[in-house]
Amino acid sequence: MTVSVCTAEEVPQLVASAVGLFAEDGGRHDPSVDVGWPAREGESYYAALVEDPAVLCLLVPGGGGHLVGRLCRPNPLRPGVVTADLESLRVDAGHRRAGIGAELVAAFFAWAKENGATETKVKAFAANEGALEFYRAQGFEPFEVILRRTS
């Protein structure tokens, strides 16, 4: 399967995939996530991303999923490091374990390298063992740990 760069006309497909991601991942692993946000605000948010040269928005044909990655501003505490963040990734349940996620991530890595990134990062919920396993298989390694305490 071939992934493609999302166009302005395809933003509704990107939003639909984000709706799925919020419901499947955010809502499941963090009950404070507003799972309705993409349906309410996603159209304008993702339309702006598609037009931003520092952002990569990819789609899987037929509503099979998406990837959003972005270049980050240089951090003065880590001079010489240019980071690309994999902000959002979803493969539709019916398309998983077919190499589509790996294809999306490979396209993200290529884009990041073409744009001068010296490292790539992704965040995943600690309880989402499937995502952690997938990202490790793509070459990501643990780097930071965020600890939280709810009141």
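Modeller: Begin with the cut-offs: buried means under 20% relative accessible area, exposed means over 50%, and partly exposed is what lies in between. Keep in mind that this is a predicted model.

Biologist: Why is Ser17 called buried?

Modeller: Ser17 has a relative accessibility of 5%. The limit for buried is under 20%, so Ser17 counts as buried. The residue sits in helix α1, which covers residues 11-29.

Biologist: Which residues does Ser17 touch, leaving out those up to four places away in sequence?

Modeller: Gly65, His66 and Arg90.

Biologist: What makes the pair of Ser17 and His66 a polar contact?

Modeller: Their side chains are joined at 2.6 Å, and the cut-off for such a pair of N or O atoms is within 3.5 Å.

Biologist: How do you know that Arg90 and Glu24 form a salt bridge?

Modeller: The N to O distance between their side chains is 3.0 Å. The definition asks for a side-chain nitrogen of Lys or Arg within 4 Å of a carboxyl oxygen of Asp or Glu, so the pair of Arg90 and Glu24 is a salt bridge. Arg90 belongs to strand β4 (residues 83-91) and Glu24 to helix α1, so this pair ties together parts that are 66 residues apart in sequence.

Biologist: Are Arg90 and Glu24 buried or partly exposed?

Modeller: Arg90, at 9% relative accessibility, counts as buried. Glu24, at 30%, counts as partly exposed.

Biologist: What else forms a salt bridge with Glu24?

Modeller: Arg96 does, with the closest N and O atoms 2.7 Å apart. That pair links distant parts of the chain, with Arg96 in the loop between β4 and α3 (100-114) and Glu24 in helix α1, 72 residues apart. Arg96 has a relative accessible area of 41% and is partly exposed. Glu24, Arg90, Asp92 and Arg96 are linked in a network of salt bridges.

Biologist: How many salt bridges does the structure hold?

Modeller: Eight. One of them pairs Arg70 with Glu87, with the closest N and O atoms 2.7 Å apart. Here Arg70 is in strand β3 (residues 65-71) and Glu87 in strand β4, 17 residues apart.

Biologist: Why are Arg70 and Glu87 called partly exposed?

Modeller: Arg70 is at 24% relative accessibility and Glu87 at 35%.

Biologist: Which residues of α3 are buried?

Modeller: Ile100, Gly101, Leu104, Val105, Phe108, Trp111 and Ala112. They cover an arc of only 135° around the axis, which puts them on the same side of α3. On the other side of α3, Lys113 and Glu114 are exposed.

Biologist: What do the buried residues of α3 pack against?

Modeller: They pack against β2 (55-60), β3, β4, β5 (119-122) and α4 (129-137).

Biologist: What span is expected for α3, and what does the model give?

Modeller: α3 has 15 residues and reaches 21 Å from its first C-alpha to its last, close to the 21 Å expected at 1.5 Å a residue. Gly116 follows α3, and its phi is positive, near 85°.

Methods. Residues numbered from 1 in each chain as written. Predicted model: local features only at pLDDT ≥ 70, side-chain atom pairs only at ≥ 80, totals over all residues. Heavy atoms only, no water. Helix = DSSP H or I, 4+ residues; strand = E, 2+ residues; numbered from the N terminus. Buried < 20%, exposed > 50% of the residue type's maximum accessible area, 1.4 Å probe, protein only. Polar contact = N/O pair within 3.5 Å; in protein donor to acceptor, adjacent residues only side chain to side chain. Contact = heavy atoms within 4.5 Å. Expected span 1.5 Å × (residues − 1). Arc of directions from axis to C-beta.
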